[in-house]
Amino acid sequence: MGASGRRWDRDSILELLDRESDDDDAVPIEIHDLRGRVIAPGVIQVSWDSDQGGRRARRTSLWCQRGRGWQQIHHQGTLLP
């Protein structure tokens with residue numbers, strides 16, 4: 001779930017990223033305080049703060065090691081004041 005409260009699926013995220021990468025006027029996303037920690041064998045929690053033109057959010061994702069590599073299985077974004 002993103003900071004907007006919207007639930008995203010894989011296809012929606014890929015479409016959004018494609019649109020943003022083609023948009024010369026898109027505001028870049030700054031990443032601050034990126035950190036990760038192993039919470040179980042093959043499971044990592046990644047946390048960071050993002051800032052896109054003053055719209056700030058605290059973000060956390062969970063990644064699992066699978067047969068074909070690492071896969072994000074959950075993401076949460078919470079808007080910051």
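Two strands are said to pair here if DSSP finds at least two bridges between them, and the strands themselves (E, at least two residues), like the helices (H or I, at least four residues), are DSSP runs numbered from the N terminus. The model on screen is predicted, so local features need pLDDT of at least 70 and side-chain atom pairs count only at pLDDT 80 or more, whereas totals for chains, interfaces and linings use all residues. Residues are numbered from 1 along each chain as its sequence is written, and side-chain values use heavy atoms, with hydrogens and water left out.

**The whole chain**

Along the principal axes, the C-alpha atoms fill a box of roughly 40 × 30 × 20 Å. Colouring by accessibility will pick out the buried residues, those with under 20% relative accessible area (1.4 Å probe, protein chains only), which make up 20% of the 81 residues. The protein exposes about 6300 Å², of which carbon and sulfur atoms supply 50%; these accessible areas come from the Shrake-Rupley method with a 1.4 Å probe, and for residues only the protein chains shown count as cover. If contacts are drawn (heavy atoms within 4.5 Å), then among those between residues at least 6 apart in sequence, 21% join residues at least 24 apart.

**The helix**

Select residues 10-22, which form helix α1, and within the helix pick Asp-18. Asp-18 is partly exposed, with a relative accessible area of 46%, the class that lies between buried and exposed, the latter meaning over 50%. From Asp-18, a distance drawn to Ile-29, 11 residues away along the chain, gives a C-alpha separation of 15 Å.

**The sheet**

Next, show the four strands together: they make an open sheet in the order β1-β2-β3-β4, with antiparallel pairing. β1 (30-40) and β4 (69-79) stand at the edges with a single partner strand each, so one side of each is left without a neighbour in the sheet. Neighbouring strands are turned by 20° against each other on average, direction ignored, where the axes are lines fitted to C-alpha atoms (for helices over the stretch in contact) and angles run from 0 to 180 degrees between N-to-C directions.

**β1 and β2**

Zoom in on β1 and β2, an antiparallel pair held over eight bridges. Here His-32 stands opposite Asp-49 in β2, and Val-38 stands opposite Ile-44 in β2. The two strands form a hairpin with two residues between them, in which Gly-42 takes a positive phi near 80°.

Which residue of β1 deserves a separate selection? Asp-33 lies in strand β1, and its phi is near 55°, a positive value in a residue other than glycine. Most residues other than glycine have a negative phi. Asp-33 is also exposed, with a relative accessible area of 54%.

**β2 and β3**

Move on to β2 and β3, which run antiparallel and are joined by 10 bridges. Trp-48 has Arg-59 in β3 as its bridge partner. The hairpin of β2 and β3 has two residues between the strands, and Gly-53 in the turn has a positive phi of about 65°. Select Gly-54 as well, in the loop between β2 (43-52) and β3 (55-66); this glycine is exposed, with a relative accessible area of 56%. Gly-54 and Pro-81, 27 residues apart in sequence, are 9.9 Å apart in space, C-alpha to C-alpha.

**β3 and β4**

The last pair to select is β3 and β4, antiparallel over 10 bridges and likewise a hairpin with two residues between the strands. Ala-57 stands opposite Leu-79 in β4.

**Charges**

To finish, display the charged side chains, of which 12 are positive and 13 negative, with the centres of the two sets 12 Å apart. Lys and Arg count as positive and Asp and Glu as negative, while His and the chain ends are not counted; each charge is placed at NZ of Lys, CZ of Arg, CG of Asp or CD of Glu.
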